[in-house]
Amino acid sequence: MRKLDYAGAIREATTQEMERDPRVFVYGIGVPTWSSIFGTTKGLVEKFGPERCFDTPISEDAMTGFGLGAAIRGLRPIHVHIRVDFMILATNQLVNMVSNYIYSTGGRLKVPLVVRAVIGRGWGQGAQHSKSLFSNFTHIPGLKVIAPTTPSDVKGMLTAAIRDDNPVICFEHRWLYWAEEEVPEEAYEVPLGVGRILRPGRDVTVVGLSWMNVEARLAADILARRGVSVEIVDPRTLAPLDEGLILDSVRRTGRCIIADCDWVDSGFSAELSARIHEKCFGQLKAPVRRIGFAHTPCPTVRELENEFYPNARTIVHAVEDMLGLEAANLDGEDFFSHERRFRGPF
Amino acid sequence: MRSDREPLPKTTAIQLYRSLFLARRSEEYIVEHYPENLMRTPMHMSMGQEFVCVGVCAALDGTADVFASYRSHAAFLAQTHDTDRFFSELYGRTSGTGEGKGGSMHLAAPDQGHILSSGVVATQIPVAVGAAFANLRLATGRTAVAFFGDGAADAGVFWESLNSAALFRLPMLFVCEDNGYAVDTPRAARQVAASLTEAVKPFGADAYEDDSGDVESVYTLAREAVTKARRDRRPAFLNIKCCRYLEHVGIGTDWNWGYRDQATVEREWIARDALKVQRARLASHQVGESAIAALEQEIESAIQASVQRASLAPIPTPDRLHAGVFHAKA
């Protein structure tokens, strides 16, 4: 099977759905331009024309209401935000309107709207280009929230999201755009609301969110050499959550670390942790532990940025601590560095 | 006042009066029965300004996709004439527009072109822009209409929506029900522009203003505006001056609160109340008093029957709470 990167998988899913269904269109600030949202919308305007792939004014609030209006009157919009930080401008529409149009009409309306939001660490992105804000949206009934990690998942889940008659917010960590794997060429759906065990293990469950699954895999490799077997569970869909998959894993291992790429306080990890404690209390060998951003605005200077973001080292040390192992010397390990791919500016 | 226009045909004059009377009597029923505490939903009454929605919806003759604010009653009834689902929703019954989950602020009859009214100022406006886009792309022949108060023009999203609609060349109507107040705050305390109509023009919409208080004038204006909007693929902005007779929310008057004067409102607005004017116009069309009374009695009976049906309809069972958060896959 041919390999495809995550950005290409998004592009392929979008292209195939636009070919399949003329009601699908994609829009947002910068969508048809040369930079094309990290390449994820590259070539679409050439293929489908400016009526189905277009730029917008910097009016996130109105453009979200616009997507809602188009969705309830028969089209299937995909709205793209190059940073979730900018999508906050659309919170009024997402929280007050998009989330409850189906409920308030007693199910008379469908809202087939996909909102893609880029998250993640860059190159000194600072306080306003760096957030994730998963729990801001998982908190709201009526929104589906997904955060695929792998290229094959993002292709299938985005396809499922476009075909879904409910609003779906898709979080995409920008570092994932470079990830490559074998991805089927034909269109397919990965159902929303179904998680995935990325790596089976016995000793401890690591629930990873988005990019942190990449870090968790690195950590698991390192720990395997020390005889520790890590199970990695990727919820993939944050709302509605595949709770059973996570709880089953934790019941088997008796230990759980939640590795989020977001703030810990009142974050999605708090929700997961609460559910695990409520439903697996008797089977836990240790309290659930959470990993995430430092509770500060994101600093720009590299040395502090390194302190702010968790990574594979953080996960390794958390597992060691939970299992009562000595902290290993990780100096010789090969950790991920985005500098190999990206040196700014945006 | 658009005094130069041709008189409308008799049938249109009657149709407009029916719609005005339906909205007014429905709200008078609410005023009489709200204190019974069975319609437990905050109501933002249209009374006094019904002629705006009635005139515009009649002009579009069933081709409108209406996006109204929380001041939703006149828009809903003008567009749908559906008192059954209207009162069922206000009484919180399964036969309502949202099986009781919406209430007065969230009335929805998308099958009849009243999509869903919204309770946060200005939020419905960009949704109408998206509907206009879909209508154009799918060639439905329908025209999106956003109704909102002058308070919505305080909000950034109004200007974003206007700019976007003009930029995307969408034929649609932005209809400002300009009653001069945002809740109780007068326009002068909120807006610098002396004329909203003038302020809108550079954004690429055709802007019209009407201070006649007259349903036929609004009807004629809306017909002109929508014809031009469709022909030129441009949005139109209609600034219709009107007067809210009651308080912002609820069934009371607010004369004793000191921010507006009863005598002035009575002299400037209530004296030329749109219903009164239109009723007199029917007489000039040789519609006799008995015929008018029969028409009114017919509407009165329809309202009573709808209320009766609502009272007999089921209240949602507790299991409906969790139903319908998401659309089930067909």
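User: What makes up chain A in terms of helices and strands?

Analyst: Chain A of this predicted model has 14 helices and 14 strands.

User: Why is the radius of gyration of chain A said to agree with a compact globule?

Analyst: A compact globule of 346 residues would have a radius of gyration near 20 Å, and chain A has 20 Å, so the value agrees. Along the principal axes, the C-alpha trace of chain A spans about 60 × 45 × 40 Å. Buried residues account for 55% of the 346 residues of chain A.

User: What domains does chain A have, and how far apart are the C-alpha centres?

Analyst: The domain assignment gives domain 1 (3–182) and domain 2 (196–338) of chain A. The C-alpha centres of the two domains lie 27 Å apart. Their contact takes 25 residues from domain 1 and 23 residues from domain 2. On the domain 1 side, helix 8 (134–138), strand 6 (144–146), helix 9 (151–163) and strand 7 (168–173) of chain A each supply at least two residues. That side has 12 nonpolar, 10 polar and 3 charged residues.

User: How do you know that chain A touches chain B?

Analyst: Two residues are in contact if their C-beta atoms lie within 7 Å. By that cut-off, 34 residues of chain A are in contact with 36 residues of chain B. Helix 4 (60–72), helix 6 (91–97) and helix 7 (101–104) of chain A each supply at least two residues to the chain A side. Helix 4 of chain A gives the most, with 10 residues. The chain A side divides into 14 nonpolar, 14 polar and 6 charged residues.

User: Why is strand 2 of chain B called largely enclosed?

Analyst: A residue is buried if 20 or more other C-beta atoms lie within 10 Å of its own. In strand 2 (residues 143–149) of chain B, 7 of the 7 residues are buried, so the strand is largely enclosed by the rest of the structure. Both faces are covered: Thr143(B), Val145(B), Phe147(B) and Gly149(B) are buried on one side, and Ala144(B), Ala146(B) and Phe148(B) on the other.

User: What makes strand 2 of chain B a partner of strand 1 and of strand 3 of chain B?

Analyst: Two strands pair if there are at least two bridges between them. Strand 1 (residues 64–67) of chain B is joined to strand 2 by 4 bridges, and these strands run parallel. Strand 2 is joined to strand 3 (residues 173–178) of chain B by 5 bridges, also in parallel. Asp65(B) stands opposite Ala144(B), and Val145(B) stands opposite Leu173(B).

User: Which helix goes with strand 2 and strand 3 of chain B in a β-α-β unit?

Analyst: Helix 6 (residues 156–167) of chain B makes a right-handed β-α-β unit with these two strands.

Note on methods:
Residues numbered from 1 in each chain as written. Chains lettered and ligands numbered in written order. Predicted model: local features only at pLDDT ≥ 70, side-chain atom pairs only at ≥ 80, totals over all residues. Nonpolar A, V, L, I, M, F, W, Y, C, P; charged D, E, K, R; others polar. Domains from an automatic or database assignment. Rg over C-alpha atoms; globule rule 2.2 N^0.38 Å. Buried ≥ 20, exposed ≤ 12 C-beta atoms within 10 Å, placed from the backbone. Right-handed = clockwise from strand over helix to strand, strands pointing away.
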